[in-house]
Amino acid sequence: MDLRRVGGRIAAVRRALTAAALPLPMRITNGLAMVSLVLSSCDLLRLCSDRERPLRFPLGGREFATVVCQLASVVYLLSLFAHPEAPASDEGDGSGRAPAAAEPAPMPGGMEDGDEETVAAVVSGTLPSHHLESLLGDCRRAARLRREALRRVTGRGVEGLPFEGMDYQAILGQCCEMPVGYVQLPVGVAGPLLLDGHEYHVPMATTEGCLVASVNRGCRAIAASGGAMSVLLRDSMSRAPAVKLPSAKRAAELKEFVEAPPNFELLAAVFNRSSRFARLQDIHCALAGRNLYMRFTCITGDAMGMNMVSKGVENILGWLRNDFPDMDVISVSGNYCSDKKTAAVNWIEGRGKSVVCEAIIKGEVVHSILKTTVEKLVELNVIKNLAGSAIAGALGGFNAHASNIVTALFIATGQDPAQNVESSQCITMLETVNDGDDLHISVTMPSIEVGTIGGGTCLASQAACLNLLGVKGSIHGSPGANAKRLATIVAGSVLAGELSLLAALASGQLVKSHMKYNRSSKDAAKAAS
Ligand SMILES: CC(C)(COP(=O)([O-])OP(=O)([O-])OC[C@H]1O[C@@H](n2cnc3c(N)ncnc32)[C@H](O)[C@@H]1OP(=O)([O-])[O-])[C@@H](O)C(=O)NCCC(=O)NCCSC(=O)C[C@@](C)(O)CC(=O)[O-]
Ligand SMILES: NC(=O)C1=CN([C@@H]2O[C@H](COP(=O)(O)OP(=O)(O)OC[C@H]3O[C@@H](n4cnc5c(N)ncnc54)[C@H](OP(=O)(O)O)[C@@H]3O)[C@@H](O)[C@H]2O)C=CC1
C-alpha cells in the first residue's frame, strides 16, 4: 500500500473537515480535536463498561455522536502525523491578507504523485527550477512545485502572494519566467474622459490613494467644458545598435552608406522581411570616435514594437556585413535608441507615439470643480512646471505628475512598465484664453510607447482593461489604429491628472486630500498615538 497516498487522502479529509466546519486557526482546530478525542474516549470507555446499557447496534443518538466524534478526531490527528509539514493555507483568499504566520501553508491544489520527489530535486539543486515547465509539461503544476521548493529553501512562506487565478500557460514564453504567483494591485476607474468626441472609462492600477480621484476630477472638469482633443504627430519605434569600425573614417563611410537616400529601399526591404507589420521609416546616425550608432525607426502596427524593431535591425546588421566585413557589432542596442532611460534623443526626436492633447476649461468649471482660478493655475504652471523644472535640470519633466497616470494606465493595460521612463516625458502648457475668462491647457508627450498586442496585453485582466477602453487587439484592416488610440487616451488622462493636481496645489489642497485618501484614518490615528 502506498502510505504517502493514504496519508494524502487523510490530509485531504482533514482539510475538508477543517474548511467545512471550522474556519479557525489550525492551533485551535488541533486543540478542539484533542479535546474531542479525550472526551469521546472517556465516554466510549464508560459506555463499554456499563453493564445495564451495553453498547449495541443500532446505536442511540448519544452513542452515535460519541463514535462520530471519536472517528473524526482520530482521522484529523492521524493526518498531522501523515503530513507533519503540511501547511495551512498558501493560496491567499483574494483579500491579500496572509494567514497566521506561525502556520505553514499547504501547496495550492495539494501534492500529486511524484511531486514530493520533484520538489526535493529542486530543493537539493539537482533539478534547476526553470526546467520545471518543460519537464512537467504543465505550467500551473510547475509554478506550484516551484513555490513549495521556495518555501522549503528559504524557510519562509509566500502566503500573501496569491497563486490561484493566474493562467500560468499564458505567461509562458511571453511574460515571465519562474512564476510562483502574482501581485495584486487595485484597479480604479476614472472618467468618463471625453476625448475626441468619445467617452472613455480609464482603468488605473495604483496603490497611491488620491490618484484616481484626482484624474476623475480632471475628467469631470474636461467633460464639463466640452471635452479634449488630441493629435498624433508621429508613430515610430526605434532601435540603435552600436558597431565599431577600424577607424573613424571607416565609421563615417558606413554612416554615409546607411543614410544615403538611394540605399533606403534596399535596407527597408531587408528590415521589412522580419515582420508583416514593422516597416522601416528612417535611419539616423551618430559617431563617437570609430563607434557608430545607427538609430533605426519604424512603425510597428498595434504592437509597442521592441521585439519587432530589434528583429528587423538584426537582419540589417547581417546584410551590412557583406559590404562592411570590418564592422564589429558591439551590441544590437547601443543606448542611442533609447529604451527605458531618460534621454534627450527621445524628448527631441520622439519614440513610440508623439501626441499633443488640449482642452479649453471654462472659468466657471475652474471655480466650481477645481476650486481655484484661471490666473492662479497659469502662474503656478510657469513657476512650477516650467521654471521649477528648468532649475532642476529636467529632461522632459516639465509637468506635475504625468508619470503617475502613465504608470497606472500602463500596468492596467499590460504595457511594459519600465517604459514609463520615456513615456512620461511631457510638457504641460497653460494660458488664459477668451479675454482671460477661460484656461487653455495642453500636454505634449513625444514618447508614448504603447501596444494593444504583444507583451502583457495578452493576459486576461490586462486584456479586460484594454477592452474597457475599446482598444483590445487590432482592428481588422487597420493595423496600428488601436495602439494609436490608446496613446491618445494616455495623453488625455495625463491632461486630466495635470489639471486636478495643479488645482490642488494652487488651492493648497494637496496635503489635506492625501491625508484623506492616501492615509487612512486608522493609520493616522496609529501614527498620532
Ligand atoms: C482628491 C481631490 C480630487 C478632491 O477634490 P475636491 O474638489 O475637494 O473634491 P469634491 O468632493 O468637491 O469633488 C469634485 C470632483 O472630484 C472627483 N472626486 C472627488 N473625490 C473623489 C473620490 N473619492 N473618488 C473619485 N472621484 C472623486 C469627482 O469627479 C468630483 O465630482 P462629483 O463626481 O462628485 O460631482 C483633489 O483634492 C485632488 O485632486 N487632489 C490632488 C491629488 C493628486 O493629484 N495626487 C497625485 C499624486 S501627487 C504626487 O504623487 C506627485 C507630486 C505632488 O509629488 C508631484 C509634484 O511635485 O507636483
Ligand atoms: N527585444 C527587446 O529589446 C525588448 C523587448 N521588450 C518586450 O517586448 C515585448 C513587446 O514586443 P513587441 O514587438 O511589441 O511585441 P511581440 O514581440 O509580441 O510582437 C508582436 C507580434 O504580434 C504580431 N501581430 C499580429 N497582429 C499585429 C498587429 N496588428 N500589429 C502588430 N503586430 C501584430 C506580430 O507579427 P509579425 O511577426 O508579423 O511581426 C508579432 O509576431 C514586451 O514584452 C516588452 O516588454 C521590451 C523592451 C526591449
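**Exercise 1. Determine how exposed Lys340 is, and describe the backbone around it.**

Solution. Step 1: Count the neighbours. Lys340 has 17 other C-beta atoms within 10 Å and is therefore partly exposed. The scale is as follows: a residue is buried if 20 or more other C-beta atoms lie within 10 Å of its own, exposed if 12 or fewer, and partly exposed in between, with C-beta atoms placed from the backbone.

Step 1: Locate the residue. Lys340 lies in the loop between strand 7 and helix 12. Helices (H or I, at least four residues) and strands (E, at least two) are DSSP runs, numbered from the N terminus.

Step 2: Examine the backbone. Lys340 is not a glycine, yet its phi is positive, about 65 degrees. The loop between strand 7 (328-331) and helix 12 (344-349) also holds Ser338, and the peptide bond from Cys337 to Ser338 is cis, with omega near 0 degrees.

A note on the model: it is predicted, and local features need pLDDT of at least 70, side-chain atom pairs count only at pLDDT 80 or more, while totals for chains, interfaces and linings use all residues. Residues are numbered from 1 along each chain as its sequence is written, and chains are lettered from A and ligands numbered from 1 in the order in which they are written.

**Exercise 2. State how confident the predictor is, and where the pLDDT is below 50.**

Solution. Step 1: Consider the whole. The pLDDT, the predictor's confidence in each residue from 0 to 100, averages 89 over the protein, and 86% of the residues score at least 70. For the complex, the predictor gives an ipTM of 0.87 and a pTM of 0.81.

Step 1: The pLDDT is below 50 over residues 1-8, and it stays under 50 over residues 10-23. Where pLDDT is low, the predicted coordinates should not be read in detail.

**Exercise 3. Describe the backbone at Pro192 and at Asp196.**

Solution. Step 1: Pro192 is found in strand 1 (residues 187-195). The peptide bond from Gly191 to Pro192 is cis, with omega near 10 degrees.

Step 1: Asp196 belongs to the loop between strand 1 and strand 2 (198-205). Asp196 has a positive phi of about 50 degrees, although it is not a glycine. Its 15 C-beta neighbours inside 10 Å make Asp196 partly exposed.

**Exercise 4. Is Leu495 buried or exposed, and to which core does it belong?**

Solution. Step 1: Leu495 is found in helix 18. It is buried, because 32 other C-beta atoms lie within 10 Å.

Step 1: List its partners. Not counting residues up to four places away in sequence, Leu495 touches Gly218, Ile222, Ala228, Cys357, Ala359, Ile441 and Val443. Here, two residues are in contact if their C-beta atoms, placed from the backbone, lie within 7 Å.

Step 2: Identify the core. A nonpolar core is a set of buried Ala, Val, Leu, Ile, Met, Phe, Trp, Tyr and Cys residues joined through C-beta atoms within 7 Å. The largest one has 95 residues, and Leu495 is among the members that touch the most others, together with Met204, Ile222, Val490, Ala491 and Val494. Helix 18 gives the most to this core, 15 residues.
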